[in-house]
Amino acid sequence: MAHYSTSQFKNGMKLILGGNPCSIISNEIRKPGKGQASNKVKLKDLITGKTLEKTFKSGESVEGADVMELDMQYLYNDGSEWNFMDPNSFEQYSINDSAMDDAKGYLVEQDMCVVTLWNGSPISVTPPNHVMLEVVDTDPGLKGDTAGTGGKPATMNTGVVVQVPLFISIGEMVKVDTRTNEYAGRT
Amino acid sequence: MTSLYNFSLKQKAEIFRKIRAFFDSKNVLEVQTPHLLNHPTTDVYIDSISMQVNKDFDIQSKYLHTSPELEMKKLLANGSGDIYQICHVFRDNEQGSQNFNEFTMLEYYRLGFDIHQLMIDMSDLFSVLGLTQETTKLTYAQAFSTFTDIDILNSDFNTLKKIANSYDLCTDFEWIEDLQILMFTDLVEPKLVQYPLCFVYDYPAEQSALARVEGRVAKRFELYLSGVEVANGYDELQYAREYQQVFAQENQQRSKLGKTTFSQNLDFFQQLKNPLPQCAGVSIGIDRLISQINQI
């Protein structure tokens, strides 16, 4: 894999650090009046999800990571693995439970997700920003209540629990923001 | 009309008027020195912008000055007395949001001053310019001991590498000064934001540049305004042979880093046949200074 010099660093670039693929979140260059310039780089470890900060001297090279983000359709879960399909190549990918992380609470069959591949193998899944989920369990609704007066927990068909307004009842479809796990409306 | 730095043309002109009035009142002479030089800087991490010019059908290599320092020192060695200059300087390969290939510099020299007298003089100048906040003074070692538990003057290269590793900093350097500078930039500089005006002085001898060395420390200072480096001052070296030594060492370091090296600036050494009078000098980045004045 190619090496990248600090002068080529840009946000979103994927590098190998500590053996794991990482994505650059921010890159700050510092050049003292006297002395060598350096780069302070914030990265996200794509395996652990952790954010780390590294300092490089300017001109240093770092190995790039062969990371691709592909739009894939979620097909089904066979109990141990989650199956996706690349709609362009019709190639199917199976992802095991551990790499799924929080994504599994938001996966609806046929929805398009972003699957991150490292050296051709899936390492993480990002669901769409908003998904429609069915409420399968919540306390009885209160008539006349409007949003903004607190809420109540509701369990969705995917298993995730979301705080919803009091007027929502079992069987309704609600829109959930997958980045914040917040209720985002009914349609 | 505002520029990138968000100050008006009028304000910049007003600042220049005040600077000139300040030096007039102290009998410091305004000078202008050539910007187009025969010799580039040998500074390891500063690069001159070079160009080809034609004179009498002859092609010559010339370099834009990165600082008026050496040209002004020729004047000092030839009896100019106290001098200052406001000029644009030019540097190649600059990077970062606070660095530009061209910027405005105020450079001045006071005879018989040491760095401490010069720092007081600068505080007077800054209060004329509207920076009346309290001034903080920290030695380089104090700055480290205040914000970290690193004994910077008494840690050798290997010790520093171990410490830097524990902070997840890069340690792949040829020379200890580069690591000291990185640690300062990463561990100390962000903490200096709390001081409106902070002088850091007595740098490790390895970072002496063109400043006089006394034991473990170089008689050098930098000024930070709310964490932004704005000025760099020295107790100046006086003798041609001292300069010769520094330039030779810088050339060696450049060569080791695979950078271009340069022939000796013989003209400069000749002009320093008489040594510089004992003096202290400082260069101040005017654009950064004005942007800091506006933020306070």
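Author: Leaving out residues up to four places away in sequence, Thr104(B) touches Lys12(B), Phe16(B), Ile86(B), Cys87(B), His88(B), Ile284(B), Gly285(B), Ile286(B) and Asp287(B). Contact here means heavy atoms within 4.5 Å. The model is predicted: local features need pLDDT of at least 70, side-chain atom pairs count only at pLDDT 80 or more, and totals for chains, interfaces and linings use all residues. Residues are numbered from 1 along each chain as its sequence is written, chains are lettered from A and ligands numbered from 1 in the order in which they are written, and side-chain values use heavy atoms, with hydrogens and water left out.

Thr104(B) sits in strand β6 of chain B. Helices (H or I, at least four residues) and strands (E, at least two) are DSSP runs, numbered from the N terminus. Thr104(B) counts as buried because its relative accessibility is 2%. The classes are buried under 20% relative accessible area, exposed over 50% and partly exposed in between, with a 1.4 Å probe and protein chains only. The side chain of Thr104(B) makes a polar contact of 3.2 Å with the side chain of Lys12(B). A polar contact is a pair of N or O atoms within 3.5 Å; within protein, one must be able to donate a hydrogen and the other to accept it, and residues adjacent in sequence count only if both atoms are side-chain atoms.

Ile286(B) and Asp287(B), both touched by Thr104(B), are among the buried residues of α9(B). In this helix, residues 286-295 of chain B, 8 of the 10 residues are buried, so the rest of the structure largely encloses it. Others on the buried list include Arg288(B), Leu289(B) and Gln292(B). The buried residues of α9(B) pack against α1 (9-25), β6 (102-111), α3 (115-128), β10 (217-225), β11 (228-235) and β12 (279-285) of chain B.

Cys87(B) is another residue that Thr104(B) touches. Cys279(B) is buried, at a relative accessible area of 1%.

Next, two loops of chain B. Leu210(B) lies between β8 (197-204) and β9 (213-214). Leu210(B) is buried, at 7% relative accessibility. Its contacts beyond four places in sequence include Glu69(B), Leu70(B), Tyr234(B) and Phe247(B). Tyr243(B) is 33 residues away along the chain, yet the C-alpha atoms of Leu210(B) and Tyr243(B) are separated by 7.2 Å. Thr260(B) is in the loop between α7 (240-256) and α8 (266-271). Thr260(B) is exposed, at 53% relative accessibility.

Last, the other chain. In chain A, 18 residues are in contact with 23 residues of chain B. The two chains bury about 1800 Å² between them, 48% of it on carbon and sulfur atoms. Buried area is the accessible area (1.4 Å probe) that two parts lose on being put together, summed over both. Between chain A and chain B there are 5 salt bridges. A salt bridge is a side-chain nitrogen of Lys or Arg within 4 Å of a carboxyl oxygen of Asp or Glu. One of them joins Lys54(A) to Asp168(B), with the closest N and O atoms 3.4 Å apart.
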